[in-house]
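User: Can you walk me through this one? Keep it short, please.

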Amino acid sequence: MDKRDATPSLRIGVIGLGMGRHHLAAYQTHPAAEVVAVADMDQARLTEIADKYGVARRYLTGEEMLEQESLDIVSVATPNKFHMPIAVAAFKAGCHVLCEKPMAMNAAEARQMIAAAQAAGKRLMINFSYRFSDQSMALKDQVDAGVLGDVYFARTLWHRRRGVPKFGGWFGQKELSGGGPLIDLGVHRLDLALWLMGYPKPVWVLGNAYNPIASAMAREQGARYDVEDMAVGMIRFENGAMLEIEASWAANVKEREWMETRLFGTQGGLVQRNTEETYKFEAEIYLERNGAHYDMALHQPSRPAPSAMVHFVDSILNDTPHMATGEEGLLVMEILDAIYKSAQEGRPVQIA
Ligand SMILES: NC(=O)c1ccc[n+]([C@@H]2O[C@H](COP(=O)([O-])OP(=O)(O)OC[C@H]3O[C@@H](n4cnc5c(N)ncnc54)[C@H](O)[C@@H]3O)[C@@H](O)[C@H]2O)c1
């Protein structure tokens, strides 16, 4: 029996109601999932979102919610600094965890989260939401079917002309965020490229980080800002392939918002990119067949993509593996750590 037909059987709590409100809305589309409690330190936000989605049980902190409630799944959508401690507390309370990206502040914290999940025998998923689009999943099907042949190079990026999160907030403070656009935006594009490439094992990384534009803007506003405004990295994998990543909140490019991921393979190449500087995407594949070159644009995807939340609930109910695992999140954090370290030390960094 498809367990989705069952009456609500999974009790869910959502912590942090900025991005968390989208988790809430997505869970509510699943007939077997019920968001029974929400938490946010901002009382006005807590009331507004809990009222809007009709959630009766409300807490000012995630910690209090975990103590009071008996939950099956907890979504963690707080500022990055709190992902690890809240996820670990949720595992101790016997919950599965869907954690926002970036998984944690660094790889060491990510390892703590995986250890806690293993000790509890619970699942950990990271909300790498850019996989969960029709275009991304259609491309993944083609790569997995071997249409590109061997993938030996990829380039993945997310640039903004001027899209620095509000100055004075947590995004621009390293002690709360762990970093700037690389850990915020780059993490999505990095995961997407790695996932399409089959998560090859990274060996070494060369990276750099800059802060010429946002730091000047912050100074003008008298605001604190101690993260990069752009970072770049080259990653070499054990299989010989390489990946280039670029991410910025402020760069002198034409586009207001520019996301693009390209894979170069022996039989074909692909691109997934946003259109009209928006959050709409398109997918194309380029092939050589019998000496002729073909361009294929995705018209109709083979399957509609579920949201990460619906996928997580289904995986738990049907006892099937879930995507975007903690282990993949850890690998992303190891690469991010190495890019920041390489930027700081001015040399390539080996990943053990
Ligand atoms: N997947 C995506 O596309 C996507 C998009 C945006 C943000 N995010 C991620 O979501 C997370 C939150 O980002 P945001 O933009 O919503 O930030 P935000 O600052 O708007 O919201 C975070 C909320 O968490 C609350 N909070 C902090 N500590 C708490 C605690 N201990 N208990 C309860 N509530 C607590 C704050 O009061 C705040 O309302 C970040 O990790 C961010 O990277 C992901």
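**Around the ligand**

Analyst: Sorted by class, the shell around the ligand holds 12 nonpolar, 10 polar and six charged residues. Here Ala, Val, Leu, Ile, Met, Phe, Trp, Tyr, Cys and Pro count as nonpolar, Asp, Glu, Lys and Arg as charged, and the others, Gly among them, as polar. This is a predicted model: local features need pLDDT of at least 70, side-chain atom pairs count only at pLDDT 80 or more, and totals for chains, interfaces and linings use all residues. Residues are numbered from 1 along each chain as its sequence is written, and side-chain values use heavy atoms, with hydrogens and water left out.

User: How many residues surround the ligand, and which are the closest?

Analyst: There are 28 of them, and the closest are Met19, Asp40, Arg45, Asn80 and Trp170. A residue is near a molecule if one of its heavy atoms lies within 4 Å of it.

User: Which helices each supply at least two residues of the shell?

Analyst: Helices α3 (62-68) and α4 (83-92) do. Helices (H or I, at least four residues) and strands (E, at least two) are DSSP runs, numbered from the N terminus.

User: Which polar side-chain atoms lie by a nitrogen atom of the ligand?

Analyst: One belongs to Glu63, 3.3 Å from a ligand nitrogen. Another belongs to Ser129, at 3.1 Å from a ligand nitrogen.

User: New topic. Where does Arg273 lie?

Analyst: Arg273 is in strand β12, residues 268-275.

User: Is Arg273 buried or exposed?

Analyst: Arg273 counts as buried because its relative accessibility is 18%. Buried means under 20% relative accessible area, exposed over 50%, and partly exposed in between (1.4 Å probe, protein chains only).

User: What does the side chain of Arg273 make polar contacts with?

Analyst: One partner is the side chain of Glu282, at 2.8 Å. Another is the side chain of Glu284, at 3.4 Å. A polar contact is a pair of N or O atoms within 3.5 Å; within protein, one must be able to donate a hydrogen and the other to accept it, and residues adjacent in sequence count only if both atoms are side-chain atoms.

User: Okay, backbone next. Which peptide bond is cis?

Analyst: The bond from Lys101 to Pro102 is cis, with omega near -15°. Pro102 sits in the loop between β5 (96-100) and α5 (107-120).

User: What about phi at Glu277?

Analyst: Glu277 has a positive phi of about 60°, although it is not a glycine. Its place is the loop between β12 and β13 (280-289). Glu277 is partly exposed, at 28% relative accessible area.

User: And what is phi near at Asp319?

Analyst: Phi of Asp319 is near 55°, also positive in a residue other than glycine. Asp319 lies in the loop between α10 and α11. At 64% relative accessibility, Asp319 is exposed.

User: Where is Pro321?

Analyst: Pro321 is in the loop between α10 (308-318) and α11 (326-345). Pro321 is exposed, with 72% relative accessible area.

User: Last one. Which residues are buried in α9?

Analyst: In α9 (residues 213-221), Ile213, Ala214, Ser215 and Ala218 are buried. Just after α9, Gly222 has a positive phi of about 65°.
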